[in-house]
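The paragraphs below go from the overall plan to the packing of the helices, and then to a few individual residues.

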Amino acid sequence: MSFQHPAEKGKRRGGGIGRFEKLAELASNFTSSALFSMLCVALVAAFVAVHVAHMPMEWQHLAGDAMGAVALLLLALLKNSERRAEHAIQRKLDAIAAALLEQQEGELGQAHKELEKAIRMEKRQ
């Protein structure tokens, strides 16, 4: 188990993204869709219907557990996306600062190349 920043994990494998990162990206895209919103509305409606219909306690627990599981998965996905976005922003800010410093000193070099790589970071992922 590694407690490394999610964006740093890809550096070990040559900069590509791994299976988990691809899965997290697909899940993030799905949870941003209208289909997922409709599924959540249906889940909440089922939860309310089970309670209003005074169905057996097992059904009420099942509906509540399903909502809790979806909420927990969404929380984990949100945190993963947040950390990757935070890392990308920090890399870009560092690259901009280094490029500005190089430009101020009158020389263009490695910092401008790093800035170009940081700007195109989303396209690689």
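Read along the sequence, this predicted model follows the pattern α-α-α-α-α-α, and its secondary structure accordingly comes to 6 helices and 0 strands. The protein has 125 residues, of which 18% count as buried. When contacts with a separation of 6 or more are considered, 47% of them are accounted for by residues 24 or more positions apart.

A prediction should be read together with its confidence. The average pLDDT of the protein is 79, and 79% of the residues score at least 70. Confidence is lowest in helix H1, residues 6-12, where the mean is 53, and highest in helix H3, residues 34-52, where the mean reaches 92. Where pLDDT is low, the predicted coordinates should not be read in detail.

How do the helices lie against one another? Two packed helices are described by the angle between their axes and the distance between the axes. For H3 and H4, the angle is about 150° and the axes are 9 Å apart. Angles over 145 degrees count as roughly antiparallel, and therefore H3 is described as roughly antiparallel to H4. The crossing of these two helices, H3 and H4, is left-handed. On the H3 side the residues that meet H4 are Phe36, Leu43, Val44, Phe47, Val50 and His51, while on the H4 side they are Trp59, Gln60, Ala63, Gly64, Ala66, Met67, Val70 and Leu74.

Helix H4 also packs with helix H2, residues 19-31, and here the axes come within 10 Å and cross at roughly 115°. Because angles from 65 to 115 degrees count as roughly perpendicular, H2 is placed roughly perpendicular to H4. The contact is made by Phe20, Ala24, Glu25, Ala27, Ser28 and Thr31 of H2, together with Leu74, Leu77, Asn80, Ser81 and Arg84 of H4. As H2 passes H4, the crossing is left-handed.

Gln60, which has its place in helix H4, is in contact with Val50, His51, His54 and Met55 when its neighbours within four places in sequence are left aside. With a relative accessible area of 15%, Gln60 falls under the 20% limit and so counts as buried. One of its contacts, His54, sits in the loop between H3 and helix H4, the latter spanning 57-105. His54 has a positive phi of about 50° although it is not a glycine. At 68% relative accessibility, over the limit of 50%, His54 counts as exposed.

Further along helix H4 there is Ala95, which is buried, with a relative accessible area of 7%. Ala95 and Lys117 are 22 residues apart in sequence, and in space they are 8.9 Å apart from C-alpha to C-alpha.

Finally, consider the aromatic side chains. A pair of aromatic rings is described by the distance of the centres and the angle of the planes. The count comes to 1 aromatic pair, formed by Phe30 and Phe36, with 5.5 Å from centre to centre and 70° between the planes. Since planes over 60 degrees apart count as edge-to-face, this is the description given to Phe30 and Phe36. Phe36 is buried, with a relative accessible area of 14%, whereas Phe30 is partly exposed, with a relative accessible area of 35%.

Note on methods. Residues numbered from 1 in each chain as written. Predicted model: local features only at pLDDT ≥ 70, side-chain atom pairs only at ≥ 80, totals over all residues. Heavy atoms only, no water. pLDDT = per-residue confidence, 0-100. Helix = DSSP H or I, 4+ residues; strand = E, 2+ residues; numbered from the N terminus. Phe/Tyr/Trp six-rings, centres within 6.5 Å; stacked < 30°, edge-to-face > 60°. Buried < 20%, exposed > 50% of the residue type's maximum accessible area, 1.4 Å probe, protein only. Contact = heavy atoms within 4.5 Å. Axes fitted to C-alpha atoms, helices over the stretch in contact; angles between N-to-C directions. Parallel < 35°, antiparallel > 145°, perpendicular 65-115°, else oblique. Left-handed = near helix turned anticlockwise from the far one by under 90°.
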